[in-house]
Amino acid sequence: MNQMVQSWRHVFKLDPDRSIDDETLEAICSSGTDAIMVGGSSGVTYKNTESLLTRIRKFQIPCVLEISTLEAIVPGFDFFLIPMVLNSSDPQWLIGNQAQAAEMYGDMIPWDMLVPEGYIVLNPDSTVARRTEAKTSLSDSEAAAYAQIADRIFHLPIVYVEYSGTFGDLELVTAVRHRLEHSRLFYGGGIVDGDTARLAASACDTIVVGNIIYSDLDKALETVAAINK
Ligand code: 1GP
């Protein structure tokens with residue numbers, strides 16, 4: 001499944017805690033995006049995750065679950081992304097929750113279906129930054145150093161620069177990219193149209209588009225066209 005991730009240039013992220021009508025969901029799943037990532041920072045439950053998965057499965061599109069809470073691990077996804085927040089000030093978000101899951105479910109965990117992601121969370125106003133107590137005021141070189149450790153020491157297949165809700169500093173993203181040898185660089189945050197998609201895509205390997213799906217579908221679809229051109 002790492003090979004699958006290697007080919008992704010564009011991903012839509014759907015939040016189980018937000019409602020999406022059938023027409024919008026069909027447009028998103030049939031847009032030509034490479035995959036649907038299901039995940040959110042709050043209000044994610046087994047029920048809303050399962051319900052969204054069932055609706056997405058009507059379409060031929062890879063669908064992965066980004067696990068943010070142990071209560072909402074739903075089987076049936078292509079694989080599971082395991083976030084590790086590299087710049088959290090609480091080790092719970094780096095390794096604590098994961099260790100707790102291993103303690104509870106160790107024998108039942110389909111390890112081959114897990115793909116870890118090293119998150120660098122940078123928008124201080126985002127729910128994820130508050131929830132994980134992320135140290136968001138990193139310089140370019142500090143962020144790049146986290147990324148290098150993720151790549152060379154932790155061997156994480158994905159480093160995810162997360163500006164959720166706001167467009168990020170592409171100089172920082174570029175500095176991160178220059179330090180990565182093996183990890184794939186995901187970027188998410190504030191991609192709201194073709195132009196922001198193109199700009200972000202020029203600085204990373206894979207762009208993740210979230211919020212705009214819920215406020216302007218046409219603009220969200222523009223982000224796919226921008227990448228495919
Ligand atoms: C959120 O990185 C994603 O986890 C996408 O960010 O919602 O700002 O597009 P936006």
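Which residues are linked in a network of salt bridges? Lys-13, Glu-66 and Glu-162 are. This is a predicted model, in which local features need pLDDT of at least 70, side-chain atom pairs count only at pLDDT 80 or more, and totals for chains, interfaces and linings use all residues. Residues are numbered from 1 along each chain as its sequence is written, and side-chain values use heavy atoms, with hydrogens and water left out.

**Salt bridges**

- A salt bridge here is a side-chain nitrogen of Lys or Arg within 4 Å of a carboxyl oxygen of Asp or Glu. The count comes to eight salt bridges.
- Lys-13 and Glu-162 pair through their side chains at 3.9 Å, N to O. Lys-13 sits in strand β1 (residues 10-14) and Glu-162 in strand β6, so the bridge ties together parts that are 149 residues apart in sequence. Strands (E, at least two residues) and helices (H or I, at least four) are DSSP runs, numbered from the N terminus.
- Lys-13 and Glu-162 are both buried. Buried means under 20% relative accessible area, exposed means over 50%, and partly exposed lies in between (1.4 Å probe, protein chains only).
- Asp-195 bridges to Arg-198, with the closest N and O atoms 2.8 Å apart. The two are three residues apart in helix α8, about one helical turn. Arg-198 is partly exposed, at 39% relative accessible area.
- Glu-222 bridges to Lys-219, with the closest N and O atoms 3.9 Å apart. Both lie in helix α10 (residues 217-228), three residues apart. Glu-222 is partly exposed at 33%, and Lys-219 is partly exposed at 33%.

**Nonpolar cores**

- A nonpolar core is a set of buried Ala, Val, Leu, Ile, Met, Phe, Trp, Tyr and Cys residues joined through side-chain atoms within 4.5 Å. In soluble globular proteins, nonpolar side chains tend to be buried together.
- The largest core has 53 residues; Ile-36, Ile-56, Val-161, Val-173, Val-176 and Ile-207 touch the most other members.
- A second, separate core holds 20 residues, including Val-11, Phe-79, Val-115 and Val-128.
- Beyond its neighbours within four places in sequence, Ile-56 is in contact with Leu-14, Leu-25, Cys-29, Ile-36, Val-38, Ile-61 and Cys-63. Contact means heavy atoms within 4.5 Å.

**Helix α7**

- Leu-170, Leu-172, Val-173 and Val-176 are buried in helix α7 (residues 170-179). Seen down the axis, the buried residues of α7 fall within an arc of 155°, so they line one face. The arc is that of the directions from the helix axis to the C-beta atoms.
- Glu-171 and His-178 are exposed on the other side of α7.
- The cover over the buried residues of α7 includes α6, β6, β7 (184-188) and α8 (194-203).

- Asn-48 is in helix α3 (residues 46-56). Asn-48 is buried, at 17% relative accessible area. Not counting residues up to four places away in sequence, Asn-48 touches Pro-16, Asp-17 and Gly-43.
- Thr-24 lies in helix α2 (residues 22-29). Thr-24 is buried, at 13%. Leaving aside neighbours within four places in sequence, Thr-24 is in contact with Ile-213 and Leu-217.

**Partly exposed Phe-154**

- Phe-154 is found in the loop between α6 (140-152) and β6 (158-162). Phe-154 is partly exposed, with a relative accessible area of 39%.
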